[in-house]
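Keep the structure in view while reading.

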Amino acid sequence: MSAVNAQVSASPAALLHHVRTGRARSRAELVAMTGASRNTISNRVDQLIAANLLAEGGRGWSTGGRPPTLLQFNSEAGCVLAVDLGVTSVDVAVTDLSARVLATAGHPIDIAEGPDAVLAEARRLGRRVLAEAGLDDADVRAVGVGVPGPVEFSTGRPSHPPIMPGWHDHPIPDAFSRWGAPVFVDNDVNVMALGELGVEGSDQDALVVKVGTGVGCGVVVGGRVYRGAQGSAGDIGHIHVVAAEGRSVLCRCGNTNCLEALAGGASLLRDALAAGLPVTSTRDVVDLAIRGDGPALELVREAGRTIGSVLAALVNFFNPHRIVITGGVAQAGLPLLSGIREAVYARAMPLAARTLDVSVSDAPELSGRVGAALMAIEGYLDDDSVREAITS
Ligand SMILES: [Zn+2]
């Protein structure tokens, strides 16, 4: 994924990127944006049109003289499969090359059943959504997979994932070889961060916080996901939190009072059960809060405050433009958000907090699939494969 290089170059992939993200709509705008010559741009645009990746249609506004012919990305020049692997479910979508969902299907799984069983289910769902969308195996240009654990991005292999027994070093891309397309695998939080940036992307710095069973954070620097030296950037779930009244809660990592142990979805369920609420899952607690149940609301808000206390420190350190909250618990909406905002604005330094935007995802249940699709699309439309597409 060379989006940053692509934005300063005038390679065919870069020109395509400018058009499909809405940054340029005509040859003249591409010339102005890249500084390349009119001839170079015209030749490359013609090649992209011949390869069926761009199309001409309509006229733009004239700034004097003949109005320019508008360029459009042909988002129907293929499709991608987006796989969102969770701890308890797998969701697969087929999307066009603008990450528009054409069909989607999901199934409950237990990630601990191991890669063979779980990936077979993902393949089955992949065949099903393709059939539902009226597409063939040959239409698939790339596959994107988000998994709930650390991944070596270059090989698509999980690396000692704590809640995915049996998955260490498993070559996930091999499971999708039937589609003969490149397969991109990353951890679910990074994938969700892409989903929240959306198809047009962003040049901003952002934190995308997933509050699911655990708590994780996608770190977006200048519009790109930052992975860190070993790929574990944003693993905020095990940051130590000062708990109230000498409270000591053991975390699955072996330490006590980690953020995840005090404010993740699993801890929300534990505390709701301890308070005698009629629940059997985190989803039940979230549903009670949505319906306005007082004790459930207070548990969600308190989890928000705890998460916010860690985010306040991250805001002081990283000074993001915005924070987006996603994941299953984010479906609770306002009570979680108000708890987070309360702690962030109380503790973050004024300069860093002044224009900070803290919000809940519009569609937390979809961001994993949309993000997996965007990862696959960016990978498929990189410099090498676009060059291949226009010369073949
Ligand atoms: Zn921990």
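Two strands pair if DSSP finds at least two bridges between them. Strands (E, at least two residues) and helices (H or I, at least four) are DSSP runs, numbered from the N terminus. This is a predicted model, where local features need pLDDT of at least 70, side-chain atom pairs count only at pLDDT 80 or more, and totals for chains, interfaces and linings use all residues. Residues are numbered from 1 along each chain as its sequence is written, and side-chain values use heavy atoms, with hydrogens and water left out.

**Strands and sheet**

Strand S13 (residues 322–326) and S14 run parallel, joined by four bridges. Isoleucine 323 has valine 358 of S14 as its bridge partner. Side chains alternate along S14 (residues 357–360). Val358 and Val360 point to one face and are buried.

Elsewhere, five strands form an open sheet in the order S5-S4-S3-S6-S9. Its pairing is mixed. Strand S5 (101–108) and strand S9 (183–187) are the edge strands, each pairing on one side only. From one strand to the next, the twist averages 15 degrees. Strand S4 (residues 89–95) runs antiparallel to S5, and seven bridges join them. Valine 94 has alanine 103 in S5 as its bridge partner.

**Helices**

Helix H6 (residues 188–197) lies across strand S6 (140–147) and S9. H6 runs at about 105 degrees to S9. Such angles run from 0 to 180 degrees between N-to-C directions, and axes are lines fitted to C-alpha atoms, for helices over the stretch in contact. Contact means heavy atoms within 4.5 Å.

Helix H8 (residues 265–274) has buried residues, among them Leu268, Leu269 and Ala272. What covers them? The cover of H8's buried residues includes helix H7 (259–263), helix H9 (282–290) and helix H10 (294–318). Glycine 276 follows H8, with a positive phi near 80 degrees.

**Salt bridges**

The whole structure holds 21 salt bridges. Each is a side-chain nitrogen of Lys or Arg within 4 Å of a carboxyl oxygen of Asp or Glu. Side chains of opposite charge can pair when their charged atoms come close.

| Pair | N to O distance |
|---|---|
| Arginine 27 and glutamate 56 | 2.6 Å |
| Arginine 227 and aspartate 186 | 2.7 Å |
| Glutamate 302 and arginine 305 | 2.5 Å |

Glutamate 56 is partly exposed, at 45% relative accessible area.

Next comes the salt bridge between arginine 227 and aspartate 186. Arginine 227 sits in the loop between strand S12 (224–226) and H7, and aspartate 186 sits in strand S9, so this pair ties together parts 41 residues apart in sequence. Aspartate 186 is buried, with a relative accessible area of 3%.

Glutamate 302 and arginine 305 are three residues apart in helix H10, so about one helical turn separates them. Both are partly exposed: glutamate 302 has a relative accessible area of 38%, and arginine 305 has 22%. They belong to a network of salt bridges that links Glu298, Arg301, Glu302, Arg305 and Glu342.

**Threonine 34**

Threonine 34 lies in helix H3. A polar atom of its side chain is 2.8 Å from the backbone oxygen of leucine 30. The threonine 34 side chain also reaches the backbone nitrogen of alanine 36, at 3.2 Å. Leaving aside neighbours within four places in sequence, threonine 34 is in contact with Ser9, Ala10, Leu15, His18 and Ile41.

**Domains**

The domain assignment gives domain 1 (3–73), domain 2 (79–181 + 368–391) and domain 3 (199–361). These bounds come from an automatic or database domain assignment. The C-alpha centres of domain 1 and domain 2 are 30 Å apart. Between them, 13 residues of domain 1 are in contact with 11 residues of domain 2.

Aspartate 384 is in helix H14 (residues 383–391). With 55% relative accessibility, aspartate 384 counts as exposed. Aspartate 384 and alanine 13 are 371 residues apart in sequence, yet 8.2 Å apart in space, C-alpha to C-alpha.

Key: Buried means under 20% relative accessible area, exposed over 50%, partly exposed in between (1.4 Å probe, protein chains only). A polar contact is a pair of N or O atoms within 3.5 Å; within protein, one must be able to donate a hydrogen and the other to accept it, and residues adjacent in sequence count only if both atoms are side-chain atoms.
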